[in-house]
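I begin with the sequence and structure.

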Amino acid sequence: MEWDAHTLKVLELDYVRQEWSKRAETPLGRDDALGRELSRDAALVNLRLQETDDAARLLMREPPPPLRLLEPRPALQKAEKGGVLSPEELLAIQNLLQASRLYKSHLLPRAERYPRLAVYAERLHTLSALEKHIRLCISPAGEVLDSASERLAQLRRDQQRLHKRILEELQRLIQSLGGALQEPRYTLRSGRYCLPVRSDSRGRVKGIVHDSSASGATLFIEPESLVELGNRLRELQTAEQEEIEAILYGLSRAVEAEASALWATIDALANLDSIIAAGRLALDWDCTMPQINTDGVWKLRGARHPMIAREVVKPIDIELGREWLGVLITGPNTGGKTVSLKTLGLLTLMSLLGLHIPAKEGTHIAIPNGIFADIGDEQSLQQSLSTFSGHMRHIIRYLEQAGRNSLVLLDELGAGTDPTEGAALARAILQTLLEREARVVATTHYGELKAFAYHHPLLINAAMEFDLETLQPTYRLLMGVPGASHAIEIARRLGLSERVATRATESLGAQEVSLSEMIHDLDRARRAAEQAEMEWRTKLAELTQKEARLNEERAALEQEKRTVKQRLQHEMEAYLAQLRAEAEQILRQLRQAPRESKQTAQLQQQLAALMDKARAAQSVEALSKPSHEATTRWEVGMRVRIRSLGQTGTLAELPNGDQAQVYVGKLRIPVALSDLEVLETPATPKPTVRVSKPRPAAPVPLELDLHGMRVEEAQPMLEKYLDDAILAGYDSVRIQHGKGTGALRQMVWDYLKTHPQVRSYHHPSHTEGGAGVTVVLFKKRS
């Protein structure tokens, strides 16, 4: 089913398309933006939205290179038909290939971060040979270069030499024929070198007359000595032009041979340019990505109409399709009812194009079964249609086409005719659409419709807020309450006499007055509820601030506690280090002292005192660690560590109570069991099971630097690094080999060519290292 053309017009989708296309950098992207079709496919809409999200993130974090792209399509079409491309047309093809190369090198290394854009980058063909060939032959100014062919270069050198001979001969003739010349200079006539000879000196200069002055006083003569040189120069120029045409023909056929790849590149670049333009639009309009559903549910949060300046527009919230299928909006004229309709409709259309929308996060948009909008004045003098008839033409068509989950937007429903009949007709239209489960949003001034919406289970009233104090609309959309036109109140405030205002109120009738009073009561209740909510939010904010302050104070106390603990720990460690140093000195003296002497007894007493001090200092630490004496199985000869002394030794005999005897070197000293720590005895080696490629234990860097290495020492490092990177789960790495002689780069590329886990490899852009770096992409692992 086609989208309704009238709806797209009144919702002003063309404005959005134009703003989108303006942000594209190429004619390809602009055409793609203007030509993209609205979609009812939820999967395609979600994909497009995610592409726009990738583009917006790319622009914010890693902007792509600018697309300096000439229009390549006419040139490619001409080449496909066998035509010969001009230098300018060949430059357009070269420009296309350069843009393709730059975008591919920018996006593919970032494929993990922007996967939807990488899909298009993979479709780009670089065709480096063709790009290089065109660059070799055509200058940026559009001239065919001498490097295009050896014959062209030779022809141009011959012309230069011949031109030099001609100029030398001309200078000689000018000097020898000074009196016969009108001026001492030469000129060109029909591409031939001539001298301006006075007519009365014609006999002095032999040659061919090519032209004369208007007065006949000057004859432009090609001297006889230059005729043959001029003929030869003309031959060389003709040969040069033939060679240029041959070069252009060859380049055109090379372009023709790559036509399919070039068209694929054009399509991919057009898509990329339009998607990135959508990202620019999202950033410029401060948009978010809506959540798409197929359940017919709309939930707009802080939605803004993009055609109204941000500093002026009032965001609206509106819900539709979950608890109710229809919303009836009432309120004064110029209060924002029509803008609300257009905002809902236009943001839905933007979503179907894959564009982000100017609304807050958490906005939901449904994929509708058609969008139908009747907005604005449909009066037509040419077709003899009144406003009412103009509206009814569209509404009748919508009633035939709208169905379940269709979005129908009706402005001033039933207006333009007798109010009683208009209200009855409006009720019937709403009832019919709701029975078909269409989603309907309508605006009206009819009081009967407000009561109808109040009693209908699938309809809800909504109102555009109006400030009676200032007599100005606030443009806020209030769900769940009916609105009033406030015509009598506005007239009274503007100076209408109280007598006339009272008569107007009395003429409303009891039902209208009751409805008006009910609306006023609801409005007062709503304002009171809003005031109460504001006070509650203020108190909540105060409590939140207090909680934040308490959390900060608690965090400060915890930090101070940690600081004190660390300081005490450092002091204890310094004290223990001092005790261990003294113990070391005593142990050295014991080793040197004679056995069983008075001196050794004194030294042992000093050592025991030091150990007591050390155990006291370590009491806090010892309490925090599990006790060993109940769980340790003691064996004579086992290796132990004396914590207080920081010494290792061997258990001399099984413990007796809470004491043990330990050999420290040749010395045997008593030690408390609580001061001992069992050292692990090296276990008997167990047979190991070999794994083909163990995962590297240390973190693997994302880049390997081989600068300054010889090939024979760099290759083993490269092999090990690639294995470690693959085991670490990397998708890509960088190898820095530098430019130098090219030997390291050749070794790296030769090895990568044969590696079974390497998918591809390439040099990055000049700004990221160029030919001095190779980017390696690994195969995807299942």
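**Entry 1: Pro-701**

In the loop between which two strands is Pro-701 found? I looked it up in the model, which is a predicted one. Pro-701 sits in the loop that runs between strand E19 (676-678) and strand E20 (703-705). I noted a relative accessibility of 46% for Pro-701, so the residue counts as partly exposed. Setting aside neighbours within four places in sequence, I found Pro-701 in contact with Tyr-721 and Tyr-730.

**Entry 2: the chain as a whole**

I then turned to the totals. I recorded 22 helices and 23 strands in the protein chain. Of its 782 residues, 43% are buried. I next considered the contacts between residues at least 6 apart in sequence, and 67% of these join residues at least 24 apart.

**Entry 3: H5 against H11**

How are helix H5 and helix H11 oriented, parallel or antiparallel? Helix H5 (residues 73-80) packs with H11 at an angle of about 160°, and their axes lie 11 Å apart. An angle over 145 degrees counts as roughly antiparallel, and H5 and H11 are therefore roughly antiparallel to each other. I noted the crossing of H5 and H11 as left-handed. From H5, the residues Arg-73, Leu-76, Gln-77 and Glu-80 meet Ala-259, Leu-262, Trp-263 and Ile-266 of H11. Sorted by class, this contact of H5 with H11 comprises five nonpolar, one polar and two charged residues.

**Entry 4: Thr-265**

I stayed with helix H11 (residues 259-284), in which Thr-265 lies. Is Thr-265 buried or exposed? Its relative accessible area is 0%, so Thr-265 is buried. Which residue has its backbone oxygen 2.9 Å from a polar atom of the Thr-265 side chain? I found that this oxygen belongs to Ala-261. Not counting residues up to four places away in sequence, Thr-265 touches Leu-96, Ser-100, Arg-123, Leu-124 and His-125.

**Entry 5: H4 against H7**

I looked up helix H4 (residues 42-61) and its packing with H7, and recorded an angle of about 95° with the axes 7 Å apart. Because angles of 65 to 115 degrees count as roughly perpendicular, H4 and H7 are described as roughly perpendicular to each other. On the H4 side, the contact is made by Leu-47, Gln-50, Glu-51, Asp-54, Ala-55 and Leu-58. On the H7 side, it is made by Pro-115, Arg-116, Leu-117 and Tyr-120. By class, I recorded six nonpolar, one polar and three charged residues in the contact of H4 with H7.

**Entry 6: His-106**

Leu-58 came up again when I looked up His-106. His-106 lies in helix H6 (residues 87-107). At 12% relative accessibility, His-106 counts as buried. Leaving aside neighbours within four places in sequence, I found His-106 in contact with Leu-58, Glu-62, Pro-63, Pro-64 and Pro-65.

Most residues other than glycine have a negative phi. I therefore looked up two exceptions, given that background. Leu-127 has a positive phi, near 45°. Where does Leu-127 lie? I located Leu-127 in the loop between helix H7 (115-122) and helix H8 (128-137). With a relative accessibility of 18%, Leu-127 counts as buried, since the cut-off for buried is under 20%.

Glu-12 also has a positive phi, of about 60°, although it is not a glycine. I located Glu-12 in the loop between helix H1 (5-10) and helix H2 (13-22). Glu-12 counts as partly exposed, at 27% relative accessibility.

**Entry 7: H13 against H14**

My last entry concerns another helix pair. Helix H13 (residues 387-401) and helix H14 (residues 419-435) pack at an angle of about 20°, and their axes are 11 Å apart. That angle makes H13 roughly parallel to H14. I noted a left-handed crossing where H13 passes H14. H13 contributes Phe-388, Met-392, Ile-395 and Leu-399 to the contact, and H14 contributes Leu-425, Ile-429, Thr-432 and Leu-433.

Key: Residues are numbered from 1 along each chain as its sequence is written. This is a predicted model: local features need pLDDT of at least 70, side-chain atom pairs count only at pLDDT 80 or more; totals for chains, interfaces and linings use all residues. Side-chain values use heavy atoms; hydrogens and water are left out. Axes are lines fitted to C-alpha atoms, for helices over the stretch in contact, and angles run from 0 to 180 degrees between N-to-C directions. Helices (H or I, at least four residues) and strands (E, at least two) are DSSP runs, numbered from the N terminus. Angles under 35 degrees count as roughly parallel, over 145 as roughly antiparallel, 65 to 115 as roughly perpendicular and the rest as oblique. A crossing is left-handed if the near helix is turned anticlockwise from the far one by less than a right angle, and right-handed if clockwise. Contact means heavy atoms within 4.5 Å. Buried means under 20% relative accessible area, exposed over 50%, partly exposed in between (1.4 Å probe, protein chains only). A polar contact is a pair of N or O atoms within 3.5 Å; within protein, one must be able to donate a hydrogen and the other to accept it, and residues adjacent in sequence count only if both atoms are side-chain atoms. Ala, Val, Leu, Ile, Met, Phe, Trp, Tyr, Cys and Pro count as nonpolar, Asp, Glu, Lys and Arg as charged, and the others, Gly among them, as polar.
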